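Please look through the sequence and the structure before reading on.

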Amino acid sequence: MAALWIAMVLFSMIGGGGAAGEVGVCYGLKGDNLPPPPQVVALFKQYGIQNIRLFNPEPRVLDSLAGTGIAVMLGVLNADIPVIASSQAAAQQWFDANVAPYLNSVNFSYITVGNEVIPGGDGTTIAGAMQNLYGVLTANNLPIKVSTVLPISVLGTSYPPSAGQFKAELDGVMRAILAVLVQIQSPLMINIYPYFAYASDPINIRLDYALFTATGTVVQDGPLSYSNLFDAMVDAFISAMEKAGGGEVGVVVTETGWPSLGNENLTSPEIAGIYNRHLLDHIKANGTPKRPTATIDGYFFALFNENQKPGLFIEQNWGLFYPDMTPVYPVFGAAPAPAPPPAPAALA
């Protein structure tokens, strides 16, 4: 087992090169017309996708990922958090059921304890669950990081970025979460959606600022200049983390994207493609004004249009691909052409 994990870590290091942020995709399953996981894994390979996020353990997906080397961010269901927080033995049970069976074949990069539990739910058990899972992983000498995923709505103030601060009622929960992340040297996972900020205030927020296409400074925040809303939102989170004792904690953007349909002229494949292609380039090349030398990994939301996602129609139209696996718009470039058949043997 140790040899396999060393090989997987080396694979990850070679793939990322250490000079650019890693790019991944959120793989959701809320659709009745989605392709089977083996075909999806083939799609990952076809487009060179090396990092994926699963919102909860899915045996049929994990089985299909066996032996691929694709890095998997695995989510803990929100409902499972209080039990895992109750004891390390409970965390061990969750691990034994959902991770241990795949250790010899699947490359787990992160375990995320819940998705957007706060501000709407009780976040008081998140830190304890993270601590217990970390204890299980370290007892097994596994290089898997543990974190939790938060939306930007945990911020009470987000503008300007330097004024970023968590909501007062979440201060204690956030300090506990960040204290664990400092201790275990793991990043905080954040969901960043410039689309929602723009759609809520298109009069005062410029579209080019939201789409990475502004040609100069749009927001000046003291000595820091912002030409895109993505960076401003990430730095607002970082400012809030600094105020809550987490200034040394890194961040990973676990969801970002732009819907291609559902809100009249604010959504189209063309607009979504502009955002996501620029996002891809930005992650590979840049930090943020507040942390210019720190790379930020980012995950596109989402892989497919999912026709059973609840809520408004727009929620079903975030995918990079249609369920038939054709692109909604190009992001990763054209898929590699299949290898030509071998030439016939020469006649003697």
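A helix is here a DSSP run of H or I with at least four residues, and helices are numbered from the N terminus. In this predicted model, helix α10 covers residues 229–243, and S239 lies in α10.

S239 has a relative accessible area of 1%. Because buried means under 20% relative accessible area, S239 is classed as buried. The side chain of S239 reaches the backbone oxygen of P161 at 2.9 Å. When residues up to four places away in sequence are not counted, S239 touches P161, S162, G164 and K290.

**The cavities**

Rolling a probe the size of a water molecule over the atoms shows where empty space is left. A search of the whole structure finds 2 cavities of 30 Å³ or more.

| Cavity | Volume | Lining residues |
|---|---|---|
| Largest | About 50 Å³ | Y47, L320, F321, P327, Y329, P330, V331, F332, G333 |

The lining of the largest cavity consists of 8 nonpolar residues, 1 polar residue and no charged residues. The lining of the second largest cavity has 3 nonpolar, 4 polar and 1 charged residues. Which helices each supply at least two residues of the lining of the second largest cavity? They are α10 and α11, the latter spanning 269–285. Helix α10, in which S239 lies, therefore also contributes to the lining of the second largest cavity.

Technical notes
Residues numbered from 1 in each chain as written. Predicted model: local features only at pLDDT ≥ 70, side-chain atom pairs only at ≥ 80, totals over all residues. Heavy atoms only, no water. Buried < 20%, exposed > 50% of the residue type's maximum accessible area, 1.4 Å probe, protein only. Polar contact = N/O pair within 3.5 Å; in protein donor to acceptor, adjacent residues only side chain to side chain. Contact = heavy atoms within 4.5 Å. 1 Å grid on protein atoms, 1.4 Å probe; cavity = no way out; pocket = protein on both sides within 12 Å on 5 of 7 lines; lining within 4 Å. Points joined across faces, edges and corners; volume = space filled by probe spheres on them. Nonpolar A, V, L, I, M, F, W, Y, C, P; charged D, E, K, R; others polar.
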